[in-house]
Amino acid sequence: MKAAILIPVLTSKDAVGADALAMARILDASGIETRVFCLSAADVERKFWPAEQLLDFAGGPDDLVIYHYSTGWPLAVDLLRRARGYRVVKYHNITPPQFFAGLSSDYEAACTKGRREIATIAGLGLERYLADSAYNLRELIDAGAPAERGGVVAPFHRVEHIVAAEADTGLIDELTDGSRNFLMVGRIAPNKGHADLIEAFGAYARAHAEPCRLILLGKIDPRLSRYTEGLKKRIEELEIDDCVLWLNGASEAELKAAYVASHAFMLLSQHEGFCVPLIEAMAVGTPIIARATSAVPETLGDAGLVWEDSNPWLYAASAARVFADAALRTHLRDSGFTRYREVFANDVLESRFLAELGACL
């Protein structure tokens, strides 16, 4: 047997790339010759091959092909159709295009194209349909994938690296100035709910006469400038400009510092296929307050305060309760770490992943 990991773009610190690279390492360790095939790669030490060469390496009846599906890619569909061995898709979800309507025609078109392929992938009759979450798996099954061939394996991740990292002391000093720190980690994109988060933070700032800060840690995409500028305008209208810190991407040391120095991780995202920052917060010990949308309740479990309501004052009041109640903070931290360790640690995920592939290994 040979194994091929297929992914359009391979980067080590991207959630999809981290998942793909971890799978490759696990298969290597199992004694299976494994190669990663992609269109392009950046910041990776592992050797990779052009996607077009996949079938020359692992196209036989005894071989394994795992495709990481997170965007539209006709070449991948063609390769899966022509592969003769054990074919697996790992579905990471694709943001519904309506989130980008009026903000970015490029993103709207790309997401439309990507989601159109859900039915195509579901109809390929693959040997296994894996997904990051039950939420993602339901999309595949609803599109026609056979439920008996489905399984859920949360994505492998770099959380251990963040936990072990030395926190950026300069950033910690900057953030530990007596302010209540609200943290959101995630790219600046409309499905991530930054607009609602700003409303919730603004409600807290108006209701409480104490220093507070909203930390928005995530890459700012120039292609979504209309969305970003809209957020900045609303921040100005709420007169909280001096209370919002933008961190346009971060090193692991800076990310660790942001989690350690924050009093609450607040996630008001409207669409998540899994949400790795949730388990980062669990592992580091930042209390979590979140909105119950898409895969968020499934990932979070009982490790945070989670509400279906979108009322910003509810989230402001939840933050106030967390800040004032030491017993609640301890409960959230303990519950978060326990859930991370028992459900999402990489060694747990490795056992689950190998069990899902048991029929072909």
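Q: Which residues line the largest cavity?
A: This is a predicted model. In it, the largest cavity is lined by Ala281, Met282, Gly285, Thr286, Pro287, Ile288, Ala303, Leu332, Arg333 and Gly336.

Q: How much space lies in that largest cavity?
A: About 40 Å³.

Q: And how many cavities of 30 Å³ or more does the structure hold?
A: One.

Q: Which element supplies the largest share of the lining of the largest cavity?
A: Helix H14 does, with three residues. Both H11 and H14 supply at least two residues each.

Q: What classes of residue are in that lining?
A: Six are nonpolar, three are polar and one is charged.

Q: Back to H11 and H14. How do their axes cross?
A: H11 covers residues 276-284 and H14 covers residues 326-344. Their axes come within 7 Å and cross at roughly 120°.

Q: What is that arrangement called?
A: Oblique. An angle over 145 degrees would count as roughly antiparallel, and 65 to 115 as roughly perpendicular, so H11 and H14 are oblique to each other.

Q: Is the crossing of H11 and H14 left-handed or right-handed?
A: H11 passes H14 in a left-handed crossing.

Q: Which residues make the contact?
A: From H11 they are Ile279, Met282 and Ala283. From H14 they are Gly336, Phe337, Arg339, Tyr340 and Phe344. By class, the contact of H11 with H14 has six nonpolar residues, one polar and one charged. Met282 and Gly336 belong to this contact, and Met282 and Gly336 also line the largest cavity.

Q: What about H14 and H15, at what angle do they pack?
A: About 30°, with their axes 6 Å apart. That makes H14 roughly parallel to H15, because angles under 35 degrees count as roughly parallel.

Q: Which residues touch there?
A: H14 contributes Arg341, Glu342, Val343 and Phe344, and H15 contributes Asn346, Asp347, Val348, Leu349 and Arg352. The contact of H14 with H15 divides into four nonpolar, one polar and four charged residues. Phe344 of H14 is in this contact, and Phe344 is also in the contact of H11 with H14.

Q: Which elements give two or more residues to its lining?
A: Helix H1 (15-29), helix H6 (159-164) and helix H15 (346-356). H1 gives the most, with five residues.

Q: And how do the lining residues of the second largest pocket divide by class?
A: Six are nonpolar, four are polar and seven are charged.

Q: Last one: H8 and H13. What is the angle between them?
A: H8 (residues 194-207) and H13 (residues 312-324) pack at an angle of about 60°, with their axes 8 Å apart. That makes H8 oblique to H13. The crossing of H8 and H13 is right-handed.

Q: Who makes that contact?
A: On H8, Glu199, Ala200, Ala203, Tyr204, Arg206 and Ala207. On H13, Pro312, Trp313, Tyr315, Ala316, Ala319, Ala320 and Phe323.

Q: How do those residues divide by class?
A: The contact of H8 with H13 has 11 nonpolar residues, no polar ones and two charged ones.

Note on methods:
Residues numbered from 1 in each chain as written. Predicted model: local features only at pLDDT ≥ 70, side-chain atom pairs only at ≥ 80, totals over all residues. Heavy atoms only, no water. Axes fitted to C-alpha atoms, helices over the stretch in contact; angles between N-to-C directions. Helix = DSSP H or I, 4+ residues; strand = E, 2+ residues; numbered from the N terminus. Left-handed = near helix turned anticlockwise from the far one by under 90°. Contact = heavy atoms within 4.5 Å. Nonpolar A, V, L, I, M, F, W, Y, C, P; charged D, E, K, R; others polar. 1 Å grid on protein atoms, 1.4 Å probe; cavity = no way out; pocket = protein on both sides within 12 Å on 5 of 7 lines; lining within 4 Å. Points joined across faces, edges and corners; volume = space filled by probe spheres on them.
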